[in-house]
Amino acid sequence: MVRLIAAVLAWIAFAGAATAQQTPATTTFSPDEGTLFVQAGRLLADPATGVVQRDKTLVISRNQIVAVVDGFVGEGQAGRIVDLRDAFVLPGLIDSHVHLTSQQNPNGRLQQVTLSAADRSMLGAGYARKTLMAGFTTVADLGGANEAVFALRDGIARGDVVGPRVIASGSSVTVHGGHGDANGFRDDVLHVLSSDSVCSGPEDCMRAVREQVRAGADVIKITSTGGVLSNTAAGLGQQFTDAELAAIVEVGHRMGRKVTAHAHGADGINAFLRAGGDSIEHGTYLDDESIRLFRSTGAWLVPTLMAGDYVARVASGPDNFFTPAQTAKALEAGPRMQDMAARAHRGGVRIAFGTDSGVSPHGDNAGEFALLVGAGLTPLQAIQTATVNAAEHLGIVDLAGRLAVGMPADLIAVSGDPLTDVTELQRVRFVMKGGVVYRAD
């Protein structure tokens, strides 16, 4: 698919075509052996528009897109041609909620006391590769041990590890005994496993946020309500007080961080949105007041439908490995999530793509698209959640979500048309991140 083209013709042919297209920054550009000419048969460069262009060439130099021109150019120029003339090309996908350093399995609780941070990073390297090969060039990792997650993020950024660009929260800020604390272990073990981001009271929770920022968090993730997979029968309702939520959001914003909340119960969703939080992860029991607050504040919903689908199937299946407390919550919350997303979509809530992968297996992330379409989104709207929407949600519109001059060259390709059959995105054939080809089937 990628073939080397000798520099045998004058550059003027391409420069003239670029000038006619009035594409910025092309008339003074000269290709070299590192230039890539990505020839796209069908191109969805900006999912916000929904416009599919035909027979385009993306010109890439030093990992950035420097031109988008009509026709298939590059023959006879210095550089290489990437032949995607028979493919559908679109921006690299964004998953706004993953857990790269873990994955649910029957030995998960044992691994909490047997795996080191270094072990977690090594596991994460494998899961990161799977995620990238599935077409996700950017992810937000929301909740994992600081040392393991930040080391993985930084290793990928340096190029030591193959994986998507990572925005990381590190450990979740949670209440003592709440979702995210080391519940269900003997007291002396619990105190070893419990992180410094566990807090009680507004002042202590402000401390926890500040320490997460100091440790390297790109975003603050909190657990506003109980959670399905915490091993405690504490329900799925609000766990932080209103005063604690207000303190967390205030100090997070003061320190230049977005604040997102794991939240199932409507009370915890609404309290967090009233406190000025930026986004809700899951949102299972959102109500009419939630939808009003989402719309009035502009907050984002990350529905994680794959997580609900997965935990419900495990909990009701013959090989259920959840504890009794986990099983009860999985059967209660899991089946409700797709209807929740449908109500949110009808209500005009802004939706960003997120899977909670690590609950479901890594690399299967694109299964979320079909669930979103099942909730009433069109295939284009579902793709928008994982491109332009997610980029806006994460504050990275200049780095990801569309293909334009000056943007990093993060792109994928599939054989069919995902605007007709969104499951095409589960069969990604080509992956480029930062101008580097990682997959070319």
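Author: Two strands pair if DSSP finds at least two bridges between them, a strand being a DSSP run of E with at least two residues, numbered from the N terminus. The model is predicted, so local features need pLDDT of at least 70 and side-chain atom pairs pLDDT 80 or more, while totals for chains, interfaces and linings use all residues. Residues are numbered from 1 along each chain as its sequence is written, and side-chain values use heavy atoms, without hydrogens and water.

Reader: What makes strand β2 and strand β5 a pair?

Author: Seven bridges join β2 (residues 36–43) to β5 (residues 79–91), and the two run parallel; the definition asks for at least two bridges.

Reader: Why is T260 called buried?

Author: T260 has a relative accessible area of 3%, and buried means under 20% (exposed is over 50%, partly exposed in between; 1.4 Å probe, protein chains only). T260 is therefore buried. T260 lies in strand β12 (residues 259–263).

Reader: Why are α10 and α13 called roughly perpendicular?

Author: The axes of helix α10 (residues 305–316) and helix α13 (residues 367–374) cross at roughly 95° and come within 9 Å. Angles of 65 to 115 degrees count as roughly perpendicular, under 35 as roughly parallel, over 145 as roughly antiparallel and the rest as oblique. The two helices are therefore roughly perpendicular to each other. Helices here are DSSP runs of H or I with at least four residues, and axes are lines fitted to C-alpha atoms over the stretch in contact, with angles from 0 to 180 degrees between N-to-C directions.
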